[in-house]
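Hi,

Here is the structure I said I would pass on. Have a look at it first, and my notes follow below.

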Amino acid sequence: GSVEGGHAVVAAASKRFVGMGQELGGKDPAYVRAEADIRFAAENIVEGALFNSGQSCCGIERVYVHSAVWEDFIEQAVAAAEGWRLGLPTDPDTTLGPVVRPRNAQSIQGQIDAALRAGAWGLVDPASFAAGRALGPGYLPPQLLVEVNHEMDIMREETFGPVAGIMKVGSDAEAVELMNDSRYGLTASIWTRSEDAAMQIGGQLETGTVFMNRCDYLDPSLAWTGVKDSGRGCTLSSIGFEHLTRPRSYHLRLRG
C-alpha cells in the first residue's frame with residue numbers, strides 16, 4: 001500500500017498493541033555497469049518496468065546506465081519497449097493492459113507531462129500505441145524518459161505505471177549515490193558480469209533486497225523487507241514466518 005495508508009494502519013494498530021510488518025511504496029532503481037550484457041539488461045529492465053502495466057511494488061522506475069554503454073542500452077531499451085502490445089487483457093496477443101483505474105492513469109501521465117515540460121525527452125512514440133489508447137483512459141502506452149534529474153517527480157515519487165526515467169552515470173560511486181537518493185528502499189538491481197562488483201555495490205545500497213541481473217522477482221525462501229518509507233518488518237522466508245508467531249519463554253531453575 002501507500003506510505004500514507006501505512007501510517008494510518010500503524011496508528012490504528014497501536015491502540016491494540018498489534019505488531020506488524022509493512023511493505024509500502026517503492027521507487028526501485030536499476031544500475032547497468034559498463035561490462036554488463038546490454039541486450040539482456042535492456043530487455044529485462046524494460047520488462048521490470050512494464051510488467052503488469054508498471055503496477056508492481058518492486059517494478060523498476062529509475063535506471064542508471066554507465067556512460068560507456070549508454071547509446072547501446074538506449075537503443076536496445078527503446079526496441080524492447082516498442083515491442084510491447086497495448087490492448088485488452090483478454091486478448092492473448094496483449095502484453096500491456098490498462099492500469100487499475102482512470103484516475104491512476106491521470107496521475108501517471110501527469111508525472112510524464114511534468115517531466116517533459118521540465119526538459120525530459122520521451123523515447124517511445126505514443127502514436128505507435130494509438131489502437132490500444134483508443135480502448136479507454138486507463139490504457140497508457142509505455143514510455144522511457146531521458147534528460148531527467150532528481151528534481152523531477154518522475155525520479156522521486158512513486159509512479160506505479162508503465163514508465164521509467166533513465167540517467168547516464170560515470171562511475172559506480174555516482175550510481176550508488178543516485179540510487180540511495182530516495183525516500184524509498186524496497187529493491188535495487190545491478191546488471192553486471194561480476195559477482196564481486198554486485199556484492200560490493202549492493203552492500204552500499206539502502207534497500208531491502210539487492211538483485212543481480214534480474215528484477216521484480218519474489219522467492220518464498222528469500223526474506224522480503226523494505227527500508228525507509230518502503231516499510232518495516234519482514235515477510236517470506238523463515239524470518240517472515242517467525243514474525244507471524246507469538247513466542248513464549250520458559251526460565252526453569254531446579255533447586256540443588
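Before the voids, a word on how they are found: on a 1 Å grid over the protein atoms alone, a cavity is a set of points where a 1.4 Å probe fits but cannot get out, while a pocket is an open set with protein on both sides within 12 Å along at least five of seven lines; a residue is lining if it has an atom within 4 Å of a point. Grid points are joined across faces, edges and corners, and a volume is the space filled by probe spheres set on the points.

Note that this is a predicted model, where local features need pLDDT of at least 70 and side-chain atom pairs pLDDT 80 or more, while totals for chains, interfaces and linings use all residues. Residues are numbered from 1 along each chain as its sequence is written, and side-chain values use heavy atoms, with hydrogens and water left out.

Cavities

Searching the whole structure gives three cavities of 30 Å³ or more.

The largest cavity comes to about 70 Å³. Of its 15 lining residues, Pro29, Arg62, Met179, Glu206 and Thr207 are the closest to the centre. At least two lining residues each come from strand E2 (28–32), helix H6 (172–180), strand E7 (184–185) and strand E8; helices (H or I, at least four residues) and strands (E, at least two) are DSSP runs, numbered from the N terminus. That lining splits into six nonpolar, five polar and four charged residues.

The largest pocket

What about the open side? The largest pocket has a volume of about 350 Å³. Its lining has 18 residues, with Ser2, Gly25, Glu158, Thr159 and Phe160 the closest to the centre. Helices H1 (3–13) and H4 (102–117) are the elements giving two or more residues to this lining, and H4 has the largest share, with four. The classes are six nonpolar, seven polar and five charged.

Rings

There is one aromatic pair in the whole structure (ring centres within 6.5 Å, using the six-membered ring of Trp; planes under 30 degrees apart are stacked, over 60 edge-to-face, the rest tilted). The pair is Phe40 and Trp191, with centres 6.0 Å apart and planes at 55°, so it is tilted. Phe40 belongs to helix H2 (residues 38–50) and Trp191 to strand E8 (residues 187–191), so the pair ties together parts that are 151 residues apart in sequence. Trp191 is buried at 0% relative accessibility, while Phe40 is partly exposed at 36% (buried means under 20% relative accessible area, exposed over 50%, partly exposed in between, with a 1.4 Å probe and protein chains only).

Separately, Arg214 sits over the face of Tyr217, 3.6 Å from the ring centre (the test is NZ of Lys or CZ of Arg within 6 Å of the ring centre and within 35 degrees of the ring normal).

Helix H6

Back to H6: its buried residues are Ala175, Val176, Leu178, Met179 and Asn180. These pack against E2, strand E3 (60–66), strand E6 (163–169), E8, helix H7 (195–202) and strand E10 (227–228), a contact being heavy atoms within 4.5 Å.

Cheers

Terms used. Nonpolar A, V, L, I, M, F, W, Y, C, P; charged D, E, K, R; others polar.
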